[in-house]
Amino acid sequence: MQVVPLRFITAVAVEHLHAVVLTVGHVHPAIGVAGDVVRDIEIRSTQTFEDLHNVIQQNIGFDGSKPSSFYLSDDNWKKGKEITNRTLGENEKAVNMSSAKLISFIADPHQKIYYVFDLPNHWTFHVELVKIDLNPDNTASYPRCIKSL
């Protein structure tokens, strides 16, 4: 499966603010659509993966009620721990995105994350931490999309 990069920036300040800038790229395997969709998103590190999921959905125009998962990845985009909003089976090991705070899972300043939306259809995005903002706007409301191409 081809996957196009999705970029995100996370910033840390005194209040542990992550200004997450997402470069969103996607491939829809069923219909072969591929291309870059860029969304730069800022989000506080104390916010959850569900907050990140919602802001991505709002800024791409998808139906956010579909099952979705984030997968922490290494530098080679190998999938690791799953953070999901889907109902888990008894033996499945994943973290619920509504309680998973970014700061608890993002330790690498160049963290790469797969974001798979609408699991049966596998809209797949690469999310990559590209910036840590040490001087966030303390008057802004987060999460927020700061760039859309």
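Phe70 belongs to strand β6, a strand being a DSSP run of E with at least two residues, numbered from the N terminus. With a relative accessible area of 0%, Phe70 is buried, a word that stands for under 20% relative accessible area (1.4 Å probe, protein chains only). This is a predicted model, in which local features need pLDDT of at least 70 and side-chain atom pairs count only at pLDDT 80 or more, while totals for chains, interfaces and linings use all residues. Residues are numbered from 1 along each chain as its sequence is written, and side-chain values use heavy atoms, with hydrogens and water left out.

Leaving aside residues up to four places away in sequence, Phe70 is in contact with residues including Phe49, Leu52, Ile83, Met97 and Tyr115, where contact means heavy atoms within 4.5 Å.

## Aromatic pairs

Eight aromatic pairs are found in the structure; rings of Phe, Tyr and Trp (its six-membered ring) pair if their centres lie within 6.5 Å, and planes under 30 degrees apart count as stacked, over 60 as edge-to-face and the rest as tilted. Because the rings of Trp77 and Tyr114 have centres 5.6 Å apart and planes at 70 degrees, their pair is edge-to-face. Trp77 is buried at 18% relative accessibility, and Tyr114 is buried with a relative accessible area of 11%.

Ring pairs also join residues into a cluster, with Phe70, Phe105 and Trp123 among them.

## A charge over two rings

The charged end of Lys79 sits over the ring of Tyr71, 4.6 Å from its centre, the cut-offs being NZ of Lys or CZ of Arg within 6 Å of the ring centre and within 35 degrees of the ring normal. Lys79 also lies over the face of Tyr114, at 5.3 Å from the ring centre.

Definitions and conventions. Buried means under 20% relative accessible area, exposed over 50%, partly exposed in between (1.4 Å probe, protein chains only). Helices (H or I, at least four residues) and strands (E, at least two) are DSSP runs, numbered from the N terminus.
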